[in-house]
Amino acid sequence: MSTKETREEWIRWLMESRMISAAMIIDAGLGIDVEGGELAIPVYAPDGEFLFHKYRRSPWNKNGPKYRYTSGSSAALYGAELLKNLNKDEDIVITEGELDALALRSLGQMAVSSTGGSGTWREEWSQLITAHKPVICYDADLAGVEGAMRVAMTFPQGVRIAWIPPQYGKDPTEALVSGGAGKLGEVIQCANTYKVPARGTDGRLKALSALLKQFVTERKAAIADPEGTPLHLNFAINWVEKEIKHEKVTEERPVRGPVSGEMSERLAAARAYPIKDLIKVGRGGFALCPFHTETTPSFQVYRDNHAYCFGGCAKRFDSIDIYAKLNNIDLSQKGAMKKVIDALI
Ligand SMILES: [Zn+2]
């Protein structure tokens, strides 16, 4: 049997490694389960009603998933219950994790996060905080940058994004440890505003081109500045380029060779087979891409039953492609298309 860490060790970790004050540990109602080796983080609705606990694995245990949820809990906005007491002109930092949010709140800086992590964000949450001054401060990695862009898409009027300079670490907490509160405050204050057009909005291609231009200009400036953040900007530029490519592909609409009238009807029927019945589609329409290996879903399934992989493939797919892939059918082989269509209609 392994020796359990003591409550004092947990508290020292929260205070010294996670920069959460003793008062905040109490305020947030953090529960330390010494026996179970877990930290219980209570999550509340905007009206203050308790929703569920999110559990974080002990930092001394490297096995198994980092987070666990009570069954039946769905993603929520962590810190939503504090919004009603907040002044309109106050900044709200959106972080990737609850502990980052609590570190900022320990300094008197209001912060919220999605209990679902960097891949999950709801439009309703943006509406809850848009009257304040939101600033996104996600982790300094690919998933963090892509998550930040996804959140930004839900603020049509534009939103600030604070990029943590890589030399200060990968998230707001590490920036606090290495740069101090002053440095992190500066990063947040200097955050630029970005207008990231949501998918399916009018004039998106034009707006994306403007965004790309802004990022490219900032990258130039960042390269010249020793404290610059070209890495994030590279991720962000890649993201916009992929979106632009997708926008163009969608405009063109795919055409599959010449087909007879009957064949095209059968083709349309097969294509109408719901993608969500072929693969597991999660919140926001995202799934794991069946065409490349990934752990973070980047395969978006759209309401008109097509899908686009924003990951390695950067390509559009339909039910026929997906069915063929799942069943190891090579569509270029003779008779393969008929076989897939027969299976889907
Ligand atoms: Zn893919």
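Author: A cavity is a set of grid points where a 1.4 Å probe fits but cannot get out, and its lining residues have an atom within 4 Å of a point. The model discussed here is predicted.

Reader: Which residues line the second largest cavity?

Author: The second largest cavity has a volume of about 40 Å³. Among the elements, α5 gives the most to its lining, with three residues. The lining as a whole consists of Cys137, Tyr138, Asp139, Gly144, Val145, Ala148, Ile161, Ala162, Trp163, Ile164 and His232.

Reader: How many residues in the lining of the second largest cavity are nonpolar?

Author: Tyr and Cys count as nonpolar, whereas Gly counts as polar. On that basis, the lining of the second largest cavity has two polar residues and one charged residue. The number of nonpolar residues there is eight.

Reader: Which elements give two or more residues to the lining of the largest cavity?

Author: About 70 Å³ of space lies in the largest cavity. Its lining is formed by Glu146, Arg150, Arg199, Trp239, Lys242, Phe286, Ser298 and Phe310. By class, these comprise three nonpolar, one polar and four charged residues. The elements that give two or more residues to this lining are α5 and α8.

Reader: How many cavities of 30 Å³ or more are there?

Author: The cut-off for this count is a volume of 30 Å³. The largest cavity, at about 70 Å³, and the second largest cavity, at about 40 Å³, have been described above. The count comes to two.

Reader: Which residues lie nearest the centre of the largest pocket?

Author: A pocket, unlike a cavity, is an open set of points. The largest pocket has a volume of about 1,600 Å³, and its lining divides into 17 nonpolar, 18 polar and 14 charged residues. At least two lining residues come from each of α4 (123–129), α7 (204–224), α8 (230–252), β11 (286–287) and β12 (299–301). Of the 49 lining residues, those nearest the centre are Arg199, Gly284, Gly285, Phe286 and Gln300.

Reader: What is the number of charged residues in the lining of the second largest pocket?

Author: The second largest pocket holds about 620 Å³ of space. It is lined by 30 residues, with Arg18, Lys66, Tyr67, Asp139 and Asp171 closest to its centre. Elements that give two or more residues to this lining include α1 (7–17), β3 (50–57) and α6 (172–189). By class, the lining has seven nonpolar and nine polar residues, and its charged residues number 14.

Technical notes: Residues are numbered from 1 along each chain as its sequence is written. This is a predicted model: local features need pLDDT of at least 70, side-chain atom pairs count only at pLDDT 80 or more; totals for chains, interfaces and linings use all residues. Side-chain values use heavy atoms; hydrogens and water are left out. On a 1 Å grid over the protein atoms alone, a cavity is a set of points where a 1.4 Å probe fits but cannot get out, and a pocket is an open set with protein on both sides within 12 Å along at least five of seven lines; lining residues have an atom within 4 Å of a point. Grid points are joined across faces, edges and corners, and a volume is the space filled by probe spheres set on the points. Helices (H or I, at least four residues) and strands (E, at least two) are DSSP runs, numbered from the N terminus.
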